[in-house]
Amino acid sequence: MRRLLIALLVLVALVIGVAVLAPALIPTDLIRERTETAAQEALGREVSLAGDIRLQVLPQLQVRARDARIANAPGFGDEPFAQMQEMRVSVALIPLLQRQIEIEEFVLVDPVIRLQTNARGNNWTFGDNTEQVAQSTPDEGFVRQPGALPFEASFGDVRIENGSVSFDDGSQTRRFDALDLSIDLPSVDQPVRLRGSFEADGRPMNFNAELASLRGFFEGQETAFSTTLNGPLADLSLEGRFLESTELAFDGDMDVTLPLRALARYLGSDLPDGDIFRQFSARSAVSGEPGVVRLRDARISFDDINAQGAMTLNYAGARPRITGELSTAMLNLTPYIPADSAPEANRTGANSGVSQWSDEPIDLAPLRTLDSELTIRADELKARDIEVSDVTALVTVDQGRMTARLNRFQLYGGTGEAIAVINARSNTPSFSFNATLDALEAQPFLIAAAEFDRLIGDGGFSVDLTASGASPAAIMNSLSGSGQFGFNDGAIKGVNLAQMIRTVQTALQNRALPTAFAETEQTDFSTLGGSFTVTNGVVTNQDLQMLSPLLRVLGDGRIDLGAQNIDYRLTPRAVQSLTGQGGQLDLRGLEVPVRLEGGFNSVSARIDFEAVARNLLSQQAGRLLRQSGDSEGEEDAPTSPEDVVRGLFGQLLNNNRNQPEEDAPDEEEGGEQPN
C-alpha cells in the first residue's frame with residue numbers, strides 16, 4: 001500500500017510538471033500548424049492564425065490567439081469571411097476530464113463577420129467543397145432533437161467586444177457595428193441570459209433575451225423565452241415559448257413599433273416625402289416557424305389608420321410576402337395619393353383653380369420591396385374628397401405590380417365596382433382603371449372627384465382607361481380608353497338654353513351672349529347621355545344627347561386632359577313653341593350652336609352667330625313660303641321669290657328694331673363671357 005501511494009504521488013507530480021512545462025517545450029509553430037489544420041478540416045475553409053499564440057494549461061486550459069482569420073467561400077471575394085483582433089478561451093481543466101465544459105472566459109475582440117449571398121448561394125454554410133455551399137438550403141439547417149446537447153457546460157465571462165457584422169446581397173450592404181454582447185449561462189439546464197447593444201448606421205440599439213433552458217431548446221422540448229429590442233429602428237417585445245418540435249416553432253405575444261422612414265433608409269430605400277409612412281405598430285398573439293410569422297387577433301396601426309384582423313408574413317422567399325384580412329372603421333387614402341407639386345408659376349390661374357400636371361416622378365419603390373395579398377374591409381373609405389362606404393378591397397402586390405379590386409360599394413346614393421392596377425416592374429410604370437358606378441347623385445360626386453358642380457341628376461357611368469409614365473404629366477398625356485355615361489331628371493347649372501333661344505334675336509343684333517348665361521340659371525333635362533373615347537390624353541365625344549320637354553341638345557367635341565383645354569360644341573334646338581322677345585317669332589326648330597373653348601381655368605362660351613343667322617333665314621323663309629302658298633288667289637299675296645326674301649329681311653329688321661333697350665345685354669359687340 002505504501003508503495004502504491006508513492007507511485008500515485010509520483011505520477012501526479014509528473015502530470016503537473018508536464019502541464020507546467022508543455023507551453024515552453026512545445027514549439028509555437030507546431031501549435032499554430034495543428035490548430036489551423038484541425039480548424040480547416042472542421043470548417044472546410046482555410047484558417048490562419050497570423051499573430052501571436054499563447055498556450056497555458058494550469059490553473060486552467062487557456063489559449064490566446066491574435067489576428068485569426070477564416071477564409072471566404074469560393075466566389076465571394078478575397079476578404080475573409082471572419083476575422084478578429086484577438087480571441088481568448090479559458091476552460092477549467094478538471095471538469096473537462098469529466099466531460100463537463102466550464103468555460104471561464106470566451107472573449108472575441110474586434111471580430112468582423114461578412115455575410116454574403118449571390119447566385120452561387122451563401123458564404124455562411126460551411127462544407128468541404130463549393131458544391132455544398134451552392135446547393136445549401138434552409139431545410140438543411142438546425143434540427144432540435146433528443147441528444148443534441150450530450151454534455152454539461154457552464155459559461156463564465158463570455159463576451160464580444162466591438163464587433164461588426166455585415167450582410168451583402170449583391171445590391172446593397174447592411175451593417176451592425178459596435179457590437180457588444182455578453183452571455184450568462186450557469187448551466188445548460190438553467191436560464192441563459194443574453195444582453196448587448198449595437199449600432200445600425202450610427203443608431204444605437206439595445207437588446208435582451210432569456211431562454212429557460214439551453215438543453216430543452218436544443219433537444220426539442222417546450223421552452224419559454226422572452227426578448228426585447230429597443231432603439232431608433234424598432235421597439236419590440238416578444239414573450240412566449242418554443243414548442244415541442246424539431247424546428248423552431250413558437251407562439252407568444254408581441255408588441256412592436258417600427259419607425260418606417262428610419263427603417264427603410266437603413267434597408268437601402270427612401271420613402272416618399274410627406275406626413276406618411278411614419279410608423280407601423282402592432283399588438284398581437286404571434287406564432288411561427290423559420291421563414292413564417294403569423295399574427296392573430298392583431299391590433300394594427302399604420303400612420304393614422306387603425307385596423308384589426310390577422311396577417312401572415314412569409315420571409316423565406318426573395319421578397320417578404322404579407323397575406324391576411326383586416327377591417328377598419330376609416331381607411332383614409334388621401335395622404336398617400338401623390339399631391340400636385342407644380343410650383344405657383346406653373347398654375348394656369350393666378351391664385352387658384354386647376355394647376356398644370358407635375359413633371360415630378362412618382363415614387364413607386366415601396367411596391368417593389370414586398371408582395372402582398374390582403375383583404376381589407378372598411379366602413380368608410382376616403383380618397384381626397386371622394387367618400388365611399390361599405391368597401392371590401394382585395395389588394396395584391398406581386399413583384400412590383402399592385403392590383404386593387406373594390407367589390408360592390410356604396411357612394412353618393414349609388415353603388416360601384418372598380419379595379420385599379422399599378423405596374424411598377426419596369427422603369428416606366430403603367431396604370432389601368434376600370435370602374436362602373438350606378439344610380440349615384442351626380443353633383444356631390446363630381447364636386448368631390450373633379451370640383452365640378454354644374455351637373456345635377458341621378459345616373460352613372462363606366463370607364464376603362466390605361467396610361468403609362470413616371471409623372472402625373474406623362475400619365476395624363478398617355479391616357480387612353482373609352483367610357484359612357486347617362487343621367488336622368490337633372491339640370492345643367494349656369495345656362496338656361498331655352499332662355500338663350502328666346503333672346504337669340506337680341507344676341508344676334510349685339511353679337512354678345514344673352515343673359516341666359518349666369519350662375520343663377522339652369523337648364524332642366526329628363527335624360528342626358530353619351531359615350532367617349534380617350535387617345536393620348538384627349539377625350540373625344542360625338543354623341544352627347546340631352547332631352548327635355550322644351551329642348552333637344554346635341555353635343556360633340558374634345559377635351560385635352562394633358563394640355564388642359566376644351567373645344568366643345570353644344571347645339572340646342574327648341575322642340576316646343578318658344579316665342580322670341582317681342583312675341584313675333586316662333587322659334588320652334590331653331591338651332592343655336594354654342595362653342596365652349598379655352599383652358600380649364602378660363603373656359604369661354606360664344607354663340608355661332610353666322611349659323612344662327614342662317615338658321616333664322618332658313619326658318620323664316622320656309623314659313624313665308626308656306627304662308628305664300630296658303631294665300632294663293634288672294635289679292636295682296638306675294639307673287640315672286642324676290643317678294644318672299646324681301647318680306648323675310650323686313651320682318652327680321654322690324655323685330656330687331658322693336659326690341660326694348662332694357663332687354664339688350666351690356667356686353668360690347670363681339671364680347672365673350674366666361675362660363
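This is a predicted model: local features need pLDDT of at least 70, side-chain atom pairs count only at pLDDT 80 or more; totals for chains, interfaces and linings use all residues.
E19 covers residues 371-383 and runs parallel to strand E18 (residues 321-332), to which 11 bridges join it. In this pairing Ile-322 stands opposite Ser-372 of E19.

Strand E20 (residues 386-398) also pairs with E19; these two run antiparallel and are joined by 11 bridges. Here Ala-378 stands opposite Val-391 in E20. E19 and E20 form a hairpin with 2 residues between them, and Arg-384 in the turn has a positive phi of about 55°.

Glu-380 belongs to a negative surface patch, together with Asp-379, Asp-385, Glu-387, Asp-390 and Glu-451. E19 and E20 are the elements that give two or more residues to this patch. Glu-380 has 41% relative accessibility and therefore counts as partly exposed.

Side chains of opposite charge can pair when their charged atoms come close. Glu-325 and Arg-377 meet in a salt bridge, at 3.5 Å from N to O. This pair links distant parts of the chain, since Glu-325 is in strand E18 and Arg-377 in strand E19, 52 residues apart. Glu-325 is partly exposed at a relative accessible area of 45%, and Arg-377 is partly exposed at 38%.

The whole structure holds 23 salt bridges. Among them is the one between Arg-606 and Glu-597, whose closest N and O atoms are 2.9 Å apart. Another joins Asp-67 to Arg-69, with 3.2 Å between the closest N and O atoms. Elsewhere, Arg-66, Glu-86, Arg-88 and Glu-105 are linked in a network of salt bridges.

How values were computed: Residues are numbered from 1 along each chain as its sequence is written. Side-chain values use heavy atoms; hydrogens and water are left out. Two strands pair if DSSP finds at least two bridges between them. Helices (H or I, at least four residues) and strands (E, at least two) are DSSP runs, numbered from the N terminus. Patches are made of residues with over 30% relative accessible area and no salt bridge: like charges are joined within 9 Å, nonpolar side chains (Val, Leu, Ile, Met, Phe, Trp, Tyr) within 5 Å. Accessible areas come from the Shrake-Rupley method with a 1.4 Å probe; for residues, only the protein chains shown count as cover. A salt bridge is a side-chain nitrogen of Lys or Arg within 4 Å of a carboxyl oxygen of Asp or Glu. Lys and Arg count as positive and Asp and Glu as negative; His and the chain ends are not counted. The place of a charge is taken as NZ of Lys, CZ of Arg, CG of Asp or CD of Glu. Buried means under 20% relative accessible area, exposed over 50%, partly exposed in between (1.4 Å probe, protein chains only).
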